[in-house]
Amino acid sequence: MSEYPVPYGHEESGREKDLAADEASFGRDEKKDLNPPYTQDAFGDEEFAEVKYKTLRWWQCGLLMVAETVSLGVLSLPAAVAGLGFVPAVIILVTLGIFATYTGYVIGQFKNRYPQVTNMADAGEVLAGKWGREFLGVAQMLFFIFVMASHLLTFTVAMNTLTNHGTCSIVFGVVGMVVSFILCLPRTLEKMSWLSLVSFISIFSAVMICMIGVGIEKPGVHNTEAVVNTNLYHGFTAVTNIVFAFCGHAAFFGLAAELKDPRDFPKGLCLLQGIDISLYLIAAVVIYRFGGADVKSPALGSASPIVSKVAYGIALPTILIAGVIYGHVAAKYIYVRIFRGTDRMHKRDFVAIGSWVGIALVLWVLAWIIASAIPVFSNLLSLITALFASWFTYGLSGIFWLFMNKGVWFKNWRKIALTGLNLLAVAVGAVLCGMGLWVSGKALHDNPSSDSFSCASNA
């Protein structure tokens, strides 16, 4: 049985049920009082708390979303364009970006309807009780740890590039793990929001340098195509890399939970999606246009050795900080679950601080192990997309909407259209998961350079 009571207004019938469902689909309006919050959120009343969590403004939330989404994803996109060609890649990228905007909006509406939800596990409990909570809780933790691992892996690639493989790759991985752990120690997201601004400036500058460098050198300017003659395996691998670029949704509940007003979440979402779709489109097309079919993944390696080193050096902050935000949200899930309902999470005593430090350390050690075990960037992204991003970005949002609007799916033409759209989201999630597991499994099996725990350079 769920830990939380059935929300007021959720089981009403007739006119009130229709109004509440309409509100969940289309945002706040004059009828919002029909479905008021029915339980306090995870952080409770913080008026006299030592440590306050609900302090984010909408633009700070938006910056955090930009930092955790617009990072490694953009570095894989030029190779995705090379795998599909200009026309299919641009169509798929824009379509998936717009679709991700809608599914992110649904997550915000689900948070408004159920104020106690601070992560995917809480959402799972609303959907399916105790078992739903445990299933989605484990899934989201695995996703966060895998994404943290992808950032550590990219850090080793960057350091190998900068130092010409100056030492064992495992050493670089350990250094990245220690630095990420230290940056993860603040317990509130407000203190992380300024780091997120540094992260965005870092990745934007690095991508611009790479575009300029590739544009001047033009190493593959005569080796590009509007449509590439590819096969299902290579084509779908490119699609999974595009999906990964929009995979920040798993952290959205945690970010919205620390907003001063969770209803401001759509503003932050629009800031994120406006920036990421624009940057992704420009970077992917320009770097492929001049880099050609042999463009690297991560894309910063496509420029000359000197320009690549400069770009990787400037990108180091985002390589670390974006992973740290995922690590913070992952640690916060465990921390809140342990101390929920007590005032311990608001304290600065030895138990509270020691618990946070211990949780963060364990998570980053696990991430380092995965990064060392799967040392090929594109293969790791494909695996993450297949297992997790397919559902967290698309499939689960469709399920959330169908759950909130249960009983009124076919009430009118607008509802029918939205029902079809959200059923499509579930179908997209299922296809991406099934096909993605096939292509990532095949890539891991076939790649002869994917030796685990190797000192060899992965640049």
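The side chains of Lys332 and Glu258 meet in a salt bridge, with 2.4 Å from N to O; the term covers a side-chain nitrogen of Lys or Arg within 4 Å of a carboxyl oxygen of Asp or Glu. Lys332 lies in helix 11 and Glu258 in the loop between helix 9 (252-257) and helix 10 (265-291), so the pair ties together parts that are 74 residues apart in sequence. Lys332 is buried at 7% relative accessibility, and Glu258 is buried as well, with a relative accessible area of 2%. Here, buried stands for under 20% relative accessible area, exposed for over 50%, and partly exposed for the range in between, using a 1.4 Å probe and protein chains only. The model is a predicted one, in which local features need pLDDT of at least 70 and side-chain atom pairs count only at pLDDT 80 or more, while totals for chains, interfaces and linings use all residues. Residues are numbered from 1 along each chain as its sequence is written, and side-chain values use heavy atoms, with hydrogens and water left out.

Six salt bridges turn up in a search of the whole structure. One of them joins the side chains of Arg337 and Glu134, at 2.4 Å from N to O. This pair links distant parts of the chain, 203 residues apart, with Arg337 in helix 11 (residues 305-339) and Glu134 in helix 5 (residues 120-163). Asp261 is partly exposed at 24% relative accessibility, and Arg263 is partly exposed at 34%.

Turning to the overall fold, the chain has 14 helices and zero strands; helices (H or I, at least four residues) and strands (E, at least two) are DSSP runs, numbered from the N terminus. Of the 459 residues in the chain, 58% are buried.

The axes of helix 2 and helix 7 come within 8 Å and cross at roughly 50°, which makes helix 2 oblique to helix 7. Axes are lines fitted to C-alpha atoms, for helices over the stretch in contact, and angles run from 0 to 180 degrees between N-to-C directions. Angles under 35 degrees count as roughly parallel, over 145 as roughly antiparallel, 65 to 115 as roughly perpendicular and the rest as oblique. For helix 6 (residues 169-183) and helix 12 (residues 350-373), the axes come within 10 Å and cross at roughly 155°; these two helices are therefore roughly antiparallel to each other.

Trp58, Trp59, Trp194, Leu197 and Ile201 form a nonpolar patch on the surface, with about 490 Å² of accessible area together. Patches are made of residues with over 30% relative accessible area and no salt bridge, with like charges joined within 9 Å and nonpolar side chains (Val, Leu, Ile, Met, Phe, Trp, Tyr) within 5 Å; accessible areas come from the Shrake-Rupley method with a 1.4 Å probe, and for residues only the protein chains shown count as cover. Helix 2 (58-69) and helix 7 (190-217) each supply at least two residues of the patch, and helix 7 gives the most, with three. Trp59, placed in helix 2, is partly exposed at 32% relative accessibility.
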